[in-house]
Amino acid sequence: MTFEPKIVGILCNWCSYTGADLAGTARIKYAPNVRVVRVMCSGRVDPTFVLKAFAEGADGVLVAGCHPGDCHYIEGNYKTMRRMALFKKMLADYGIEPGRFRLEWVSASEGDRWAKVVNQITEEVRKLGPAKLRAPRRKKIPA
Amino acid sequence: MTRISIDPITRLEGHGKIEIFLGDDGSVSNCYFQVPELRGFEKFVEGMPIEEVPRVVSRICGV
Amino acid sequence: MAKLKLASYWAAACGGCDVAILDTHEKILDIAAAADIVFWPIATDFKYADVEAMPDGHIDVTLFHGAVRNSENEHLAHLLRAKSKVLVAFGTCAHLGGIPGLANLFDRKAIFKRVYHDTQSTVNPDGVEPQTKTQMPEGELTLPEFYDTVMPLDHLVEVDYYVPGCPPTPKQIWAVVQAIVSGQLPPKGSVVGASEKTQCDECKLKKNEKKITSFKRIATAQPEHETCYLEQGFLCLGPVTRGGCDTRCQLSGVACRGCYGPPPGVLDQGAKAVSAIASVIEAKDEAEIGRILAEIPDALRSLNRFGIPASLLRRKTL
């Protein structure tokens, strides 16, 4: 029984979600392990979302946005860049392997790139195994 | 042998307990003082920027 | 009006919260007039056996401070919950895990190794470590089990109110006592004795525009004490910390480290700190961002100094 990673993907509406949609309409075959959440801009992605995904059982998390310079809201993805860079340092301190979290830029026309990114993160997380976050007993995530 | 437990010790800062063992004649045969607490400051400040350490180790004792 | 039966107990604590209660100075006499202390190890001689003998709900209010670090702390958390009508997580340790929560980057094995074997001033040739049970000629001695993970109080029992602060300020303690005595408390589960806004809202330092181009440390640079520390590049958790302490750290010349916990609606203070601080960095390319962020050493312990046990991930995965 091969381990099937559960990966949460948080995608910006204008570029990466559209790119992922294109992968679908182009009937590209790729790993089904990413569960997609759509936000309007990757700059909306609060590191809390990523931590909550891990805390609730995700083995990996992928944040995707427009290429720098192409953000629909002009500056949003620069904020993403800065936030995720600092966030990666915090994740490392929490002992989460770097392969479990990725920030990628995927444009609306890059359906094949989306498929490639998903396949890559799925394989990397598969190799790392389930994210055994050693939370103590009696865990309850506040709503 | 009679055993008297003082748990917790009081009117001081910190956790402790005392176990007193009395012989049949009522005199103290033996007495043990135990410290049932540990937080591990010695370990968890490792790697912290040096100027942050005083703000952390001041919490070893608030008294 | 009958006197309130009051208890104050410390788990993995430092005593600072008890001292803060005493720092209400002459108001302690008003507290003594309104309440009968039925259990307070720092100041009275009541024993665990006395608490165990009480009927359930006998204590009107228990102020529980300190984090839960071992089985004795856990036992008292459950015991005091049963014996108290109102249980208050008093101080940052009980609220969020506090400074002892920094141990969640390690585990029992690593901590015992350092404490009982490797510290430079320890002489322990037989490698003795604390045991939960030790057989002596006269009888068996016991010690609590030291857990791998530190927990805030509400990971174990239902908490009625939270009073944040390391320690809570005497001014706020007095406000909370008055609220308890007059029965004017908000809904259960609320944070009391603190503001509903962030530190920045009450901070009197001059604020302009935040555009950080480099981070500084007080080990190597001198801050200006009239201007916002974060603007100058000194890490300050004010934007992601609940107010209520009258910005005592900022007024003492150091930046906020977040002891009053997250503002209302924030699930993870460290994550919010990443978000708030990174978003005001002035840089648009990866290399420049990397260079600026390299100046923040020790990310997790700097961005979530007091609340790792209460954070979403709770501890480091080892």
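Axes here are lines fitted to C-alpha atoms, for helices over the stretch in contact, and the angles run from 0 to 180 degrees between N-to-C directions. Two packed helices are described by the angle between their axes and the distance between the axes. Keep that in mind for a helix pair further down.

This is a predicted model, so a local feature needs pLDDT of at least 70 and side-chain atom pairs count only at pLDDT 80 or more, while totals for chains, interfaces and linings use all residues. Residues are numbered from 1 along each chain as its sequence is written, with chains lettered from A and ligands numbered from 1 in the order in which they are written.

## Chains A and C on their own

Helices (H or I, at least four residues) and strands (E, at least two) are DSSP runs, numbered from the N terminus. Chain A has four of each, and along the sequence they follow the pattern β-α-β-α-β-α-β-α. Chain C comes to twelve helices and ten strands. Its radius of gyration is 22 Å, close to the 20 Å that the globule rule gives for 318 residues, so chain C is as compact as a globular protein of that length. For chain A, with 143 residues, a compact globule would have a radius of gyration near 15 Å, and the chain has 15 Å, which agrees. The radius is taken over C-alpha atoms, and the rule is 2.2 Å times the number of residues to the power 0.38.

Here are the C-alpha extents along the principal axes.

| Chain | C-alpha extent |
|---|---|
| Chain A | roughly 45 × 35 × 25 Å |
| Chain C | about 65 × 60 × 30 Å |

A residue is buried if 20 or more other C-beta atoms lie within 10 Å of its own, exposed if 12 or fewer, and partly exposed in between, with C-beta atoms placed from the backbone. By that count, 53% of the 143 residues in chain A are buried, and 47% of the 318 residues of chain C. Two residues are in contact if their C-beta atoms, placed from the backbone, lie within 7 Å. Looking at contacts with a separation of 6 or more, residues 24 or more positions apart account for 82% in chain A and for 72% in chain C.

## Where the chains meet

Which chains share the most contacts? Of the two pairs of chains in contact, that is chains B and C. Chains A and B have no contact joining them, and their closest C-alpha atoms lie 11 Å apart.

In the B–C pair, 42 residues of chain C are in contact with 33 residues of chain B. On the chain C side, helix H1 (16-22), helix H6 (108-118) and strand E7 (139-142) each supply at least two residues. H6(C) gives the most, with four residues. By class, this side of chain C has 27 nonpolar, five polar and ten charged residues. Ala, Val, Leu, Ile, Met, Phe, Trp, Tyr, Cys and Pro count as nonpolar, Asp, Glu, Lys and Arg as charged, and the others, Gly among them, as polar.

One residue of helix H6 of chain C is Lys113(C). Lys113(C) is partly exposed, with 14 other C-beta atoms within 10 Å. From Ile31(C), Lys113(C) is 82 residues away in sequence and 44 Å away in space, C-alpha to C-alpha.

The other contact takes 28 residues from chain A and 31 residues from chain C. On the chain A side, H2 and H3 are the elements that give two or more residues, and H3(A) brings the largest share, eleven residues. This side of chain A divides into 16 nonpolar, two polar and ten charged residues.

Now for the helix pair. How do helix H2 (residues 47-55) of chain A and helix H10 (residues 269-278) of chain C cross? Their axes come within 8 Å and cross at roughly 150°. Pro47(A), Thr48(A) and Leu51(A) meet Ala271(C), Lys272(C), Val274(C) and Ser275(C).

## The nonpolar cores

In soluble globular proteins, nonpolar side chains tend to be buried together. A nonpolar core is a set of buried Ala, Val, Leu, Ile, Met, Phe, Trp, Tyr and Cys residues joined through C-beta atoms within 7 Å. In the largest core, of 78 residues, Phe54(A), Val61(A), Met90(A) and Val274(C) touch the most other members. Its largest share, eight residues, comes from helix H3 (residues 76-93) of chain A. Leaving aside neighbours within four places in sequence, Phe54(A) is in contact with Val61(A), Ile96(A), Ala131(A), Leu133(A) and Leu313(C). A second, separate core of 59 residues includes Ala77(C), Leu105(C), Phe106(C) and Val177(C).
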